[in-house]
Amino acid sequence: MKKQVLLIGILVLIVFGLSLVRIYISNQVATSGVMLSQIQQQVDAYKMQNMLLAENLYTKSSLTNIAQEASNEGYVEQKTDFVLNGQAPVAYKQ
Amino acid sequence: MTWRYRFVFLGLVGLFLLVVLRLFYWQVVKASELSLLGQQQYGTTQTIVPQRGEIETSDGFPLAANKISYLVFANPKEIVNKDAETTVLASTLQLDIASVSASLSLDRFWVPIASGIDSGTKQKLEQMNLPGVGFSNQYQRFYPEASMAAQLLGFVGKDSAGNDKGYSGLEGFYDRLLSGKEGLAVEVNDAFGKPILAEMNQSSGETDGANLILSVDRSIQFLVEQKLKDGVEQYGATSGMVGIMDPKTGAILAMAAYPNFDPRDYQDYSDSLYRNPFISDLYEPGSTFKPLVMSAAMDAKLVTPDTKCDNCAGSVSVGGYSLETWDNKYFPNTNMVEVIQHSDNTGMIFVAQKLKVDGMINYLGKFGIGDYTGIDLQGEVSSPLKPENQWYAVDLATTGFGQGISVTPIELLDATAAIANGGVRMEPHVVAAVQDASGNTTQIQPKVLDTPVSAGTAKVMTEIMINAVNKGEASWARLKGYRIAGKTGTASIPVSGHYDPNQTIASFVGFAPADNPKFVMLVILNRPTVSIYGADTAAPIFFDIAKSLLNYYGISPDGN
C-alpha cells in the first residue's frame, strides 16, 4: 500500500515538474519570434545581396562583355597561326 | 422477438460504422487540408513561387539565370501631394506622367506603378521616402550573354493565368523541369503579429526548378555567332544558320541563327525570329545531300568508287524533264569519286536510278530523312517521305542531287554525322545533364538511333568527301594541312511552282579531322547576293569556323 502511494506521488511530482519546465520554456521562447523575424530579414538581405552580386559577376564575366571590352581596348583577332610540325632541332648551327 | 433485437443491433452497428467512416474521412483523408485551413485562421499563408532553373553551358556559365527585380506599387489613399509624387515617380521610373497620374487617381488601396525595376532605382525611391509607395520582390529571367543562343534557349513569357511559362527551344521543351513546383508557406503569428518560433514557416510542396547543363560550348557558340553574323553581312544573305555537333555522341556544341532576337525583350521582335530555323525550317538541301545518296548506293553494293557513269555525257531526260549539271559542264565516263568532286547532277541521277525507289526510301529512312531526329528542343518539324507508289521517275532522279525533297538542317547534320561516326547515327541532344534542386546531377546518355551504312562504306565516303574538299569547287577556301571531309550545296528555291535561278540556299556540310572527327558542321546561307554558290559563300564561313575550332581543340596541321 505504501509503495503504491509512493509511486503515485512520484508520478504526480513528475507531471508537475514537467509542466513547470514546459511553462518555463514556453515563456523563454515566446519572445524569440521577434529575434527570429530579424534573423529571417537578415538572411533575406544576404540572399538578395548574393543574387545581385552574382548578376553583376555574370554580366562582367560574359564573353559578350569581355569581347566588347577587348574591342574597346584595341585588341583584334589573331589571323595567322604559327605551328611547329615534328621535332625541331634545338639549334640548327651547332 | 430475437429478430427484432438483431435488427436493432445491426442497425446500431451500421450507424456506428458510418460514424467511424466519416471520422476516418475527416481525420485521415482530409487531415492535412483541414490542418492548413485551421492554420490560415491564425496565421498568414503565402504562395512560394519556385525559382526557375538555370540553363548553363558546358563550362557551367549560365546562359539563362534569374535576377531579382521589384514591383513598385502605391496606395493612392495614403498619398498626400498627388501632383508632386506623380512627377517624382514618372521621372525616376521613366514613365509617362499621364499614366502615373491616372493610376494614382484610382479609388483603390493598391495600384501597380511599374514592374521589373532594378535595385538602384528602388534604392533611389526608398531614399525619397514617398508616402504610400511600396515595393515587392519579383524574379525575372536574366541573360548574362544577352542574345547568345536565343533561338536555342527560347524565352519565358506568361500563360493565360499570368504565370511564367517557357516557349520555344529549351525553355519550351523543358518547361516543367525548369518551372519546379509551387509551394505554400504558413507563418503563424502571435497577438502582436510576430511569428511564433515553433510554428514558423511550415512550407509544403515547394521545389525549385532543375538546372539544365548543356553540351553547348560557350566559346564555340560565341565564335560561331560572330562568324555567322559577319558572313551573312559579307555575302549579302537574308539570313543564315550554323549547327555543330559531336558525331560520336550527338551532343550539340553550337547552334546559331542570324538574325536572332533578344530574349529579354522578345516582345519587341517579330514572331518569326522566335523559331529556331535549324530545327523548324524545311529546305531543299541540294548537293549537300549527295554524300547520303552515294553512300547508300555504295553500301548496297550498287556502285563502287571506280564505277563509271554511262549517262554523264550531257543533260539527262527523265519523265519529260531535262536535267542538267549546275555549271552545264559534263564529264563522260566519270567515276563516283569525281561525281562528288564535280558535284555532278547527272552522275547522281545515275546513282539514284541504280538505287531505285525502294532502296532510296529504305536508306533515307535509316539516315533519318523524313522523320524527327528527336532533338530536345521545342519546335522540331519534319516532312515525311512520300509513299513508294507516289514516286515518279523524275522524283527519284532529283532526290539523287538533293532537289525535290525537303529536310530540316538538323536532319542533314545528323545524317552526315552518321558518315563521320563510322556509319552510326546518334540522336542529337542539347542537354548533357540535369541538376535537380538538391544538387543531384543526372547525365543524359548518348543514344544510337540507327546504322544506315557500314563502317567500311562510311570510311570510303569520307575519303570521297576529303577529295571533294581538296579538289572540288570550294578547294580555294580549304585549310591546308588538315584532312577535312565536306560537300558544298547550292539549292534552288522553289517559287510559285518553279525554281528561281537567282535565289539559292548556299550551304556547306563537313567534318574534321576526317580520321577522328571532333565535330560535324553545317553552314547555311539564305539567298546570298554576292554569289549564289555555296562554294563561294558558305564554304569560306565553314573553313573559317573550322580553323578556329581546330585551334581551340589544339589540333595542329600535319604539314602535308
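Start by selecting α13(B) and α14(B), whose crossing is right-handed (left-handed if the near helix is turned anticlockwise from the far one by less than a right angle, right-handed if clockwise). Helix α13 covers residues 345–366 of chain B and helix α14 covers residues 393–400; their axes sit 8 Å apart at an angle of about 120 degrees. That makes α13(B) oblique to α14(B), since angles under 35 degrees count as roughly parallel, over 145 as roughly antiparallel, 65 to 115 as roughly perpendicular and the rest as oblique. Axes here are lines fitted to C-alpha atoms, for helices over the stretch in contact, with angles running from 0 to 180 degrees between N-to-C directions. Show side chains for the contact: on α13(B), the residues include B:M348, B:I349 and B:M360, and on α14(B) they include B:L396 and B:T399. Contact means C-beta atoms, placed from the backbone, within 7 Å.

A word on ground rules: this is a predicted model, where local features need pLDDT of at least 70 and side-chain atom pairs count only at pLDDT 80 or more, while totals for chains, interfaces and linings use all residues. Residues are numbered from 1 along each chain as its sequence is written, and chains are lettered from A and ligands numbered from 1 in the order in which they are written. Helices (H or I, at least four residues) and strands (E, at least two) are DSSP runs, numbered from the N terminus.

Next, select B:N328 and B:N333. B:N328 sits in the loop between β14 (321–323) and α12 (336–341) of chain B, and B:N333 is in the loop between β14 and α12 too. Buried or exposed, B:N328? With 8 C-beta neighbours inside 10 Å, B:N328 counts as exposed; B:N333, with 10, is exposed as well. (Buried takes 20 or more other C-beta atoms within 10 Å, exposed 12 or fewer, partly exposed in between; C-beta atoms are placed from the backbone.)

Now for cis peptide bonds. Pick B:Y258 and B:P259, joined by one with omega about 5 degrees; B:P259 lies in the loop between β12 (252–258) and α10 (277–280). Then jump to B:A512 and B:P513, where the bond is cis with omega near -20 degrees.

Finish on α1(B), residues 2–29, which reaches 39 Å between its end C-alpha atoms, close to the 40 Å expected (1.5 Å times one less than the number of residues). Of its 28 residues, the number buried is zero, so α1(B) lies largely in the open.

Methods
Contact = placed C-beta atoms within 7 Å.
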